[in-house]
Amino acid sequence: MSVQDDLAAVRRRLQDLEHTVEELERRVGAERGAPPTPSADRAQSMVTIPEAPYDAGKWTDVDDEGLGARDRHAP
């Protein structure tokens, strides 16, 4: 299998998962007596991440995940 085939398979499975979750949400909402929530409501609750760079001051004295602190060496 090529990388493109793998990616296509992952996309299909992700779409299947999304449809399954939406159906589950509808069923749970119906059992609780709540009206089904349309998918459009989910898009409105999404948060946009700005393209501007983050303030470098937020990252002082932080460890690089998986690499440890900058001033220390691995054992």
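**View 1. Leu14, Leu17 and Val21 make a nonpolar surface patch of about 250 Å².** The structure is a predicted model, in which local features need pLDDT of at least 70, side-chain atom pairs count only at pLDDT 80 or more, and totals for chains, interfaces and linings use all residues. Residues are numbered from 1 along each chain as its sequence is written, and side-chain values use heavy atoms, with hydrogens and water left out. A patch is made of residues with over 30% relative accessible area and no salt bridge; nonpolar side chains (Val, Leu, Ile, Met, Phe, Trp, Tyr) are joined within 5 Å, and like charges within 9 Å. Valine 21 belongs to helix α1, which covers residues 3-31. Valine 21 counts as partly exposed because its relative accessibility is 36%. The cut-offs are under 20% relative accessible area for buried and over 50% for exposed, with partly exposed in between (1.4 Å probe, protein chains only).

**View 2. Glutamate 23 forms a salt bridge with arginine 26.** A salt bridge is a side-chain nitrogen of Lys or Arg within 4 Å of a carboxyl oxygen of Asp or Glu. In this pair the closest N and O atoms are 3.4 Å apart. Both residues lie in helix α1, 3 residues apart, which is about one turn of the helix. Glutamate 23 has 34% relative accessibility and so counts as partly exposed. Arginine 26, at 37%, also counts as partly exposed.

**View 3. Arginine 27 forms a salt bridge with glutamate 23.** The closest N and O atoms of this pair are 3.3 Å apart. Arginine 27 and glutamate 23 are separated by about one helical turn because they are 4 residues apart in helix α1. Arginine 27 counts as exposed, because its relative accessibility is 53%. Through shared partners, salt bridges join Glu23, Arg26 and Arg27 into one network. The count of salt bridges comes to 2.

**View 4. The protein chain has 2 helices and 0 strands.** Helices (H or I, at least four residues) and strands (E, at least two) are DSSP runs, numbered from the N terminus. Of the 75 residues in the chain, 5% are buried. The chain exposes about 7500 Å², and carbon and sulfur atoms supply 56% of that area. Accessible areas come from the Shrake-Rupley method with a 1.4 Å probe; for residues, only the protein chains shown count as cover.
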